Amino acid sequence: MLNFSKLLIVSFLIFSCTKQVSQTVSNDNSEHPKLILTKKGVENIRKNLGKIPIFDNTLQAVKDEIDAEIALGIKTPIPLDYSGGYSHTRHKKNFLALQKAGLLYQILEDEKYAKYVKDMLLQYEEMYKTLPLHPKTRSYARGKLFWQCLNDSNWLVYVSQAYDCVYNYLSKEERNKLETNLFKPFADHISIDSPQFYQRVHNHSTWGNAAVGMIGLVMNDEELIERALYGIKGLNLDKTAKDDDGGYLNKDGKAGFLANIEEPFSPDGYYTEGPYYQRYAMYPFLIFAEGLQNVRPDLKIFDYKEGVLLKSVNALLNLSDADGEFFPLNDGQKGMSYYSRELVTAVNIAYKYGNQDTGLLSIAEKQNEVLLDDSGFSVALAIKNGEAKPFQKKSINLSDGSEGKQGGVGILRSEYLELVFKYAAQGSSHGHYDKLSFSLYENGQEIIQDYGLARFVNIEQKGGGNYLKENKTWAKQTIAHNTVTQNETSHFDAKYDIGSQHHSELHYFSSENENVQVVSAKETNAYPGTELLRTMVVIKDKDFEKPYLLDIMKINSSKENQYDFPYYFLGQVLNTNFDYKTPENLQPLGSKNGYQHLYLEGSANASSENSKLSWINHQKFYTLTSITNNNDELLFTRIGANDPEFNLRREAALLLRRKNTKNTLFVSTIETHGSYSPVSEFAVNSNSSIKELKVVLDSEEYTAIAVTNINDTTKLFITSNKKDTKEAKHTIKINGKNYDWNGSYYYELIK
């Protein structure tokens, strides 16, 4: 049901902002630079050169880089290639070099940098006047310098900053030439000429909005600024049209920079596409916001949607492991981290325009570089003054959806253990079909992995550096994730039209007790007629060397099904407590829905009530203990079947298969224990500490699991399957003993 009062407020704000834009446009060209570097900021920086180590070191590194580019000579090749090819890479290097050279000119007052910018821009002006669409036709929105408008937008976002820095160095005639033949047509191409790219809510259009807006700010072009903030006026796109990834272009009719802040971000700052694309979009979000703050402070852009842009930086930092690498939820490349240039920008801007969180300074210290602008100077000065404090990553629950009501991501942290539990919305066209999936880390190393994307970004030999077909046939499919697959079909039948309508629901999240932290969520739409309830518990117990994970998946269905439950472990198998057979010839596990990419390497029938797998990785030991019955199958699988071009990583999983079952319960623990030294050749605590894992109660209302260690000490965990509030009162009897408690769960020593 629509909230009409809220709608009126938003309408008033949009009208007010539109009115303010027209009232505050200035024609005073002497204001330059004014976007990310201001006249006052330049003065402060110049006065302090040689006095602030991290700023001076960054400046020297950038100077060395750009001096080398100048010595190399300007090259603006005719566009020919996909990502990773020569022309693509050269034009990308050019826009990065232009932005840096502009900053160097302002800070060092050396005209060679301004001349370099001018000469290159005039080369682009001469080229662009007659440049056709890029010859590669794969994109739904072709660029001119690059194969897609997205990369053209990257170019204009950076080059706008360079133009701002050399604006007053250029003659009026040169500025007119550049604006008439290059910048205005460039902005029109990525917007007016490419509405399917520009007029939507997506990380692509965010770059487009920022590009048009930033060059508009430099040129004092009111039309471009309004087009950036609110989209193309009066334009209605086909609401059924889709992009290359299967996502709708403009199903809801929303567009513009403000809509791209409003829709994808939850109130907690989580970006629905996932951390990889949140990182990518943070640069245009924050750099354009900084430009608006400096040139149009009356818009109060950093206060928009209760300051969600600044909140998003904190959320994104919390979506990284101990090494700063982002969790590869949805389409995400492993290894991308807060050391990227986008996060240097994000941290600097969030510090200056936020509440001067000193924890951000410690991240900046690790990044060991700052922006050469006002925000970077403020960070560098604070670091010099000794204000940095450690950024504290704690357990956190991040909601998804524009109003925070479309599921979310729960992260539980205990000592070096990190659990990432995804119960979010589809995640736009970059989302995967993996409701209630998880990954597990120890001190930055993956224990149980999320595969991430199937793409070799900017490596030309692999599909032009673009998404590979295996991203759809494997990486997005449910069986590629650590969650349940029913009847060898993916959630929502792997159909975006269906998946985008639904999200999982949080049952409860509890991290107040550092010894027992729980996240629990429910999914009722992935398979019609089947309800999934997964409860994941990180337990820190003095009877165990390290914290361990308890995993409970409760399934209720209206019919009998086959359930497949994989654990994608990384490392070398040590041993099992079940006998398995290995085939002479490897065959795919199935023919579709991702199963065609899994080799069956070994199989067994469960022979005991607890099935165990132990492995070693990075000199540490791990054990998976699962409650099984004699009808369960245990399958060793490996990714790589039907992959003749070797596009997929050859990684393993243990898959628990349960056939002809209606309602069931999957219960497992994952222990981290011991270590191995190849130098001393000693193995310490290489065996599991769990003697028995047992279900002592499973009803509609409650599930109770007993964990007995090798010293015969038993702990009982009870979760409420219905009542999810902290105030809820519970009384149940198990094996003749009464248990009373308040809250969603119970944990106690019973023997």
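Helices α7 and α9 are roughly antiparallel to each other, a label given to angles over 145 degrees, where under 35 counts as roughly parallel, 65 to 115 as roughly perpendicular and the rest as oblique. Their axes come within 9 Å and cross at roughly 150°; such axes are lines fitted to C-alpha atoms, for helices over the stretch in contact, and the angles run from 0 to 180 degrees between N-to-C directions. The crossing of α7 and α9 is left-handed, meaning that the near helix is turned anticlockwise from the far one by less than a right angle. On the α7 side (residues 172-190) the contact is made by E179, F183, A187 and I190, and on the α9 side by G208, A211, V212, I215 and M219, contact being heavy atoms within 4.5 Å.

The model is a predicted one, in which local features need pLDDT of at least 70 and side-chain atom pairs count only at pLDDT 80 or more, while totals for chains, interfaces and linings use all residues. Residues are numbered from 1 along each chain as its sequence is written, and side-chain values use heavy atoms, with hydrogens and water left out. Helices are DSSP runs (H or I, at least four residues), numbered from the N terminus.

Charged pairs form the next part of the picture. The count of salt bridges, each a side-chain nitrogen of Lys or Arg within 4 Å of a carboxyl oxygen of Asp or Glu, comes to 41. One of them joins E65 and K100, with the closest N and O atoms 2.9 Å apart; because E65 lies in α3 (residues 53-72) and K100 in α4 (residues 86-108), the pair ties together parts that are 35 residues apart in sequence. E65 is partly exposed at 34% relative accessible area, and K100 is likewise partly exposed at 21%, the class between buried (under 20%) and exposed (over 50%), using a 1.4 Å probe and protein chains only.

In E226 and K233, whose side chains meet in a salt bridge of 3.0 Å, N to O, E226 is buried at 9% relative accessible area, whereas K233 is exposed at 63%. Salt bridges that share partners also join K184, D188, E223 and R227 into one network. Within it, D188 and K184 pair at 3.5 Å, both lying in α7, four residues apart, about one turn of the helix.

K144 is buried yet has no salt bridge, the nearest side chain of opposite charge, D193, being 5.7 Å away; for charge, Lys and Arg count as positive and Asp and Glu as negative, with His and the chain ends not counted. Leaving aside neighbours within four places in sequence, K144 is in contact with residues including Y128, D152 and H189.

Conventions. Helix = DSSP H or I, 4+ residues; strand = E, 2+ residues; numbered from the N terminus.
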